[in-house]
Amino acid sequence: MPAEKIPTMLGRVFLDFGHEITMKHAQDFLAELGKDRTCAVLHWHEVYKVLRDHRMGTNKIPHGPFIGSAFNPLWPMLHKWRAFVYLCAIYYLIMVPARIAFLPFDTPVAQGALASDLLVDVIVTLDLLIRLNTAHRTHKATWSTNRLKILRKVPIPAIIAGLPIDWFAHLLTASNEVVCWLRWPRMLLIFAMQGGRKRMTSPQMEDFVKMCKLVGLLLHWTCCCWYYLGRVYSFWVPDSAVSWTHVDDDYRDLTFDREEVYGLDEDASVWSKVSRRCAFVVVGCNS
């Protein structure tokens, strides 16, 4: 719409305005829309965008924890909660592969497992319930608390990670190793956390931290795979009495004099085995 027609348009909108609408009013109108006062053309989609943003601003609830019967996604405490859940996602990336490879506990209800895994699982399941009861903003800039519409907005990785499939398997008397394998879907939680955190440092520093985390995770996963393959090698190749993590009792005296140096000591702790695998992988990459 040409700028000279804006006074005519304003006159048709504000019928109860008691004065003549001039070009000065048109320039003020352009300024309110964030446009230059000397703008020659005004597009309708620009007017719609400004009105939509204004409506969104008037519908914000920055302090209250609830919007109707649902949580307010703008509530500051909810952002802090999501940062805490992000740490749980990192925990899964580290501990799930270690649980599968090293089987540190004989049963999922061992004291160590309950003190770590159960606590994190409860937090993640609670986060899923919170997500299913958090209002979302529609394309009309209004808040919706309809649970079915909210469900469509919840990331699928968050739903998969929040389902206690492994605990149900344990209740159905599944083996410890099967339960550990059923925990891998929880690693998908990290994909539901991307983009939800505020940038706290410079982009360069954040990229450096991401690279360090990626390298550390790849090293950790490689160590877990290395140990797992060595642990199950005797099942895949029954005729082999020696692997890189296992030696039959009949051959121990013929192979290594100090088996604990190579991580073959069955009494070694899980983290001792992990650290030795890390050393093997680093040396192998540098050789």
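**View 1. Surroundings of V124 in the predicted model.** Beyond its neighbours within four places in sequence, V124 is in contact (heavy atoms within 4.5 Å) with C88, Y92, A161, G162 and L189. This is a predicted model, in which local features need pLDDT of at least 70 and side-chain atom pairs count only at pLDDT 80 or more, while totals for chains, interfaces and linings use all residues. Residues are numbered from 1 along each chain as its sequence is written, and side-chain values use heavy atoms, with hydrogens and water left out.

**View 2. The largest nonpolar core.** A nonpolar core is a set of buried Ala, Val, Leu, Ile, Met, Phe, Trp, Tyr and Cys residues joined through side-chain atoms within 4.5 Å; buried means under 20% relative accessible area, with a 1.4 Å probe and protein chains only. The largest such core holds 25 residues, and those touching the most other members are Y92, V120, V124, L189 and M193. Two or more residues each come from α4 (76-102), α5 (111-131), α7 (156-162) and α10 (189-193). The greatest contribution, 10 residues, is that of α4.

**View 3. A second, separate core.** This core has 8 residues, among them A3, I6, L30 and L42. Across the protein chain, buried residues account for 32% of the 287 residues.

**View 4. Residues 257-263.** Here pLDDT (the predictor's confidence in each residue, from 0 to 100) stays under 50. For residues 257-263 the model has 12 contacts beyond four places in sequence. The protein chain has a mean pLDDT of 79, with 70% of its residues reaching 70 or more.

Terms used:
Buried < 20%, exposed > 50% of the residue type's maximum accessible area, 1.4 Å probe, protein only. Helix = DSSP H or I, 4+ residues; strand = E, 2+ residues; numbered from the N terminus.
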